Amino acid sequence: MYFTGIIIAVSTFLTIGIWHPIVIKTEYHWGTRPWIIYLIIGLLCIIAALFIENTIVSAIVGVFGASALWGIGELFSQKKRVQKGWFPMNPKRRKEYPAIDKNETLCPIHHGKSIYAIEDEDNTATSR
């Protein structure tokens, strides 16, 4: 039997699970400023994975690097989650959290508007 796939799957699951609290704690203590550290870690891990001969180790290092890069976006989304009141705000950095519109979304595709606010605009435009 071959366990390579299972080992990589479990490692991927654990890596993503590790990055989730890292992002939350990073945003709480330092805000979004450390995104460059996430970028450096991610790129170094992905480059290192290219030179690691062992399939399992290469996959784990690559997944760790990809998770670090994904964490950049999550770091900025976490700031919005804090602004919406979904996560606790660091009282020492209160001035870094401007008020946020209740209809603002975490998705960058909708340009800061909730899909519900976009639907409301569409309904208003068609009813005129």
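Predicted model: local features only at pLDDT ≥ 70, side-chain atom pairs only at ≥ 80, totals over all residues.
Sorted by class, the residues that line the largest pocket comprise four nonpolar, four polar and two charged ones. Of the 128 residues in the protein, 27% are buried.

**The largest pocket**

- The space in the largest pocket amounts to about 180 Å³, and the elements that each contribute two or more residues to its lining are α1 and α3.
- Helix α3 provides the largest share of that lining, namely six residues.
- The lining of the largest pocket is made up of Ile16, Trp19, His20, Val23, Ser67, Trp70, Gly71, Glu74, Gln78 and Arg81.

**The pairing of α1 and α3**

- Helix α1, which spans residues 4-30, and helix α3, which spans residues 55-83, have axes that come within 8 Å of each other and cross at roughly 30°; because angles under 35 degrees count as roughly parallel, α1 is described as roughly parallel to α3.
- The crossing in which α1 passes α3 is right-handed, and the residues of the contact between these helices divide into 14 nonpolar, nine polar and three charged.

How values were computed. Residues numbered from 1 in each chain as written. Heavy atoms only, no water. Axes fitted to C-alpha atoms, helices over the stretch in contact; angles between N-to-C directions. Helix = DSSP H or I, 4+ residues; strand = E, 2+ residues; numbered from the N terminus. Parallel < 35°, antiparallel > 145°, perpendicular 65-115°, else oblique. Left-handed = near helix turned anticlockwise from the far one by under 90°. Nonpolar A, V, L, I, M, F, W, Y, C, P; charged D, E, K, R; others polar. 1 Å grid on protein atoms, 1.4 Å probe; cavity = no way out; pocket = protein on both sides within 12 Å on 5 of 7 lines; lining within 4 Å. Points joined across faces, edges and corners; volume = space filled by probe spheres on them. Buried < 20%, exposed > 50% of the residue type's maximum accessible area, 1.4 Å probe, protein only.
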